[in-house]
Amino acid sequence: MKKIITLCVVVAFFALSIVFINASATTNEENKETETANVTPISTNESFTNSDDAIDNEQTKSIPLKHKKINSKKDLYSKVLNSIDYYNEVSGEIKTNMLNKKDETIKYNVNMEESKAYQYVTGENFDEEVYVTDDNIFTFDNLSRTYTVDAAVSKSEENNEELGKLNPSDRIKYTTAGGEKIYEKDEASTAEGALIPIYYYRDDPTNIHYSSTVSLFPQEMAFGFLSNESLWNITQQTDLLGRKCTVVEGETDKDYGQKLNIQRFEMIIDDESGIILNFKGYDENENLTNYISTKQISFSCRGIKKLDINNYKEYNLNNQIDTGNSYEDNP
């Protein structure tokens, strides 16, 4: 897979993509090459399984995991920011209102060693399934009966590995409204005009955006809530769902908090993986405004649900990836 380095320029600290709809952001891309998916046309004549409950249990490749003990705030921040380095397989269920400001349920199953995943999100006026298979991401909207196909990211070829080796502070730089120059943190005070943070994000090899953004690979939340270590503290250790966890409590940056309607927050982080298991955000009147609640989690893969295209043969294709292959709206 060709290399991509994604550069997100975020005004007033940053905006969580999709998760926080009211947060405004602009996105720039640095050194980005056009990526083409390796896709073959969908057809009911393909040799897909006919079982709706079929699972995919292929021989996995070994991808070494990193290990980091949490001895400081910096260690914890780094682990959340780079959580994909500390596990390869995970499955579970999350309840949250941080996708579309409504209560929704996310069920997920990920095997990054095989670049396979399944995600099912349901809620009021929302019903979406995502299958990651054959180097592609198939997203099915069960309400509009449409689907999209996008290129997947493989962990074995994860192209922003160097970003994961940096100190977290080195993944935040600054520019001004004109964007003529990028400043390092230690030279930002010399800039003329208001500074705009630039956040450097790694590609996401889970390939399931919703689960990833709120829990499995929460780079946005790490930058947003943990980058200013003076605003939060580690308050205790706890057990949750059989996992050893660290509890964090803190306040948000003023401008950032106003955008998200969060004045203070509580977060429970899995010690081994850096995954955010629970989150509560409160407004200035102590009303709960945002939450994440993990109901189930397992770090052993129980098999990934296989895509049976026959179940979606009446769906219309919403996008076209230029691969030289032709898709039909009604396969």
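# Exercises on a predicted protein model

The largest nonpolar core has 54 residues, and Phe225, Met267 and Phe279 have the most contacts inside it. H4 supplies the largest share of this core, five residues. A nonpolar core is a set of buried Ala, Val, Leu, Ile, Met, Phe, Trp, Tyr and Cys residues joined through side-chain atoms within 4.5 Å. Buried means under 20% relative accessible area, exposed over 50%, and partly exposed in between, with a 1.4 Å probe and protein chains only. In soluble globular proteins, nonpolar side chains tend to be buried together.

The model is predicted: local features need pLDDT of at least 70, side-chain atom pairs count only at pLDDT 80 or more, and totals for chains, interfaces and linings use all residues. Residues are numbered from 1 along each chain as its sequence is written, and side-chain values use heavy atoms, with hydrogens and water left out.

## Exercise 1

**Solution.** 

Step 1. Helices (H or I, at least four residues) and strands (E, at least two) are DSSP runs, numbered from the N terminus.

Step 2. Two strands pair if DSSP finds at least two bridges between them. Strand E13 (residues 243-251) runs antiparallel to E14, and seven bridges join them. In this pairing, Cys245 stands opposite Asp270.

Step 3. With strand E15 (residues 276-282), E14 pairs in the antiparallel sense over six bridges. Here Glu266 stands opposite Lys280. E14 and E15 form a hairpin with five residues between them, and Gly274 in the turn has a positive phi of about 80°.

Step 4. Contact means heavy atoms within 4.5 Å.

## Exercise 2

Determine whether Gln119 is buried or exposed, and identify the partner of its side chain in a polar contact.

**Solution.** 

Step 1. Gln119 is found in strand E6 (residues 116-123).

Step 2. Because its relative accessibility is 1%, Gln119 counts as buried.

Step 3. A polar contact is a pair of N or O atoms within 3.5 Å; within protein, one must be able to donate a hydrogen and the other to accept it, and residues adjacent in sequence count only if both atoms are side-chain atoms. The side chain of Gln119 forms such a contact, of 2.6 Å, with the side chain of Ser211.

Step 4. Beyond four places in sequence, Gln119 touches several residues, among them Tyr108, Glu128, His209 and Ser211.

## Exercise 3

Locate Phe217 and state whether this residue is buried or exposed.

**Solution.** 

Step 1. Phe217 lies in the loop between helix H3 (209-216) and helix H4 (219-226).

Step 2. Phe217 counts as buried because its relative accessibility is 1%.

Step 3. Phe217 and Arg202 are 15 residues apart in sequence, and their C-alpha atoms are 9.7 Å apart in space.

## Exercise 4

State how many helices and strands the protein chain has, and what percentage of its residues is buried.

**Solution.** 

Step 1. The protein chain contains five helices and 18 strands.

Step 2. Of its 331 residues, 52% are buried.
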